[in-house]
Amino acid sequence: AETGKPGYSGRKRGDIQFRRMTVQHAGSGLWIHGQLASGNGEHLADLDDALDTVVRTVERLAVDKDDVAVFADGEYNDVPSRHAARSRGLCLTSRVTRPELLRNPEVLDRLRQAIWYEVSDSRSGPRRTAADLGIMRIAAGKRTKTPAGDKYESIDVRVVASRFARPND
């Protein structure tokens, strides 16, 4: 009961949930951060804690932040998360979870004009191709506010698209 509570009413339909935030150093496999929060946790506060651990680790090891990449789940592909990483001098990479981008004329035009390259087979799923769509400006949602209640500035991000054939194609 102390580590879980009903989550959002979407996919899990309010089932008891907890958020697990872990950070692993890719080279050594060492876990450098872990925390548990009840329900869906606090999205930005949980990320802030994890990013602070990354910064402390990088500073302790005297590693240049330009040599660090933070890879996160698509949940963190929002403007507040990107601002949190950039404010610490970190590069954040994540999946895009914005299907509305596929209705954006600029995105569609870039997808049509893109040069697609075959991605090395990871043997974890279907073969993919990828294309660099370049830098695109992403705006925060109308109701998304900073902790101080201000509107987030739009942010420029590099977008790389991947695609794979449907099973019957």
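Contact means heavy atoms within 4.5 Å. Keep that in mind for the tour. The model on your screen is predicted.

**Stop 1: helix α2**

Select α2, residues 79-87. Which residues of α2 are buried? They are Val79, Pro80, Ser81, Arg82, Ala84 and Ala85. Now show what surrounds them. The cover over these buried residues includes α1, β5, β7 and β8. Step on to Gly89, which follows α2. The phi of Gly89 is positive, near 75°.

**Stop 2: the largest nonpolar core**

Select Leu47, Leu51, Val54, Val68, Val70, Ala85 and Leu90. These residues have the most contacts inside the largest nonpolar core, which holds 15 residues. Color three elements next: β2 (16-24), α1 (43-60) and α2 (79-87). Each of them supplies at least two residues of this core. Which element gives the most? It is α1, with 6 residues.

An α-helix has 3.6 residues a turn, so residues three or four places apart point the same way.

Now click Leu47. Set aside its neighbours within four places in sequence. Leu47 is then in contact with Met21, Tyr76, Ser81 and Ala84. Two of these names, Ser81 and Ala84, also stand in the list of buried residues of α2.

**Stop 3: the salt bridges**

Side chains of opposite charge can pair when their charged atoms come close. How many salt bridges does the whole structure hold? A search finds 8. Visit three of them here.

Select Arg88 and Asp52 first. Their side chains meet in a salt bridge at 2.7 Å, N to O. Why does this pair tie together separate parts of the chain? Arg88 lies in the loop between α2 and β5 (91-94), and Asp52 lies in helix α1, so the bridge joins parts that are 36 residues apart in sequence. Is Arg88 buried or exposed? Arg88 is buried, with a relative accessible area of 17%. Asp52 counts as partly exposed, at 29% relative accessibility.

Next, select Asp73 and Arg95. Here the salt bridge spans 3.2 Å, N to O. Asp73 sits in the loop between β4 (69-72) and α2. Arg95 sits in the loop between β5 and α3 (105-113). The two residues are 22 apart, and the pair links distant parts of the chain. Asp73 is partly exposed, with a relative accessible area of 45%. Arg95 is partly exposed too, at 49% relative accessibility.

Then go to Asp132 and Arg158. Their side chains form a salt bridge at 2.7 Å, N to O. Asp132 belongs to strand β7 (residues 129-138) and Arg158 to strand β8 (residues 155-163), so the pair ties together parts 26 residues apart in sequence. Asp132 counts as partly exposed, at 43% relative accessibility. Arg158 counts as exposed, at 57%.

Salt bridges that share partners join Asp48, Asp52 and Arg88 into one network.

**Stop 4: a charge over a ring**

Select Arg163 and Trp116. What lies over the face of Trp116? It is Arg163, at 3.9 Å from the ring centre. Finally, look for pairs of aromatic rings. The structure holds 0 aromatic pairs.

Terms used
Residues numbered from 1 in each chain as written. Predicted model: local features only at pLDDT ≥ 70, side-chain atom pairs only at ≥ 80, totals over all residues. Heavy atoms only, no water. Phe/Tyr/Trp six-rings, centres within 6.5 Å; stacked < 30°, edge-to-face > 60°. Lys NZ or Arg CZ within 6 Å of the ring centre and 35° of its normal. Core = buried A, V, L, I, M, F, W, Y, C linked by side-chain atoms within 4.5 Å. Buried < 20%, exposed > 50% of the residue type's maximum accessible area, 1.4 Å probe, protein only. Helix = DSSP H or I, 4+ residues; strand = E, 2+ residues; numbered from the N terminus. Salt bridge = Lys/Arg side-chain N within 4 Å of Asp/Glu carboxyl O.
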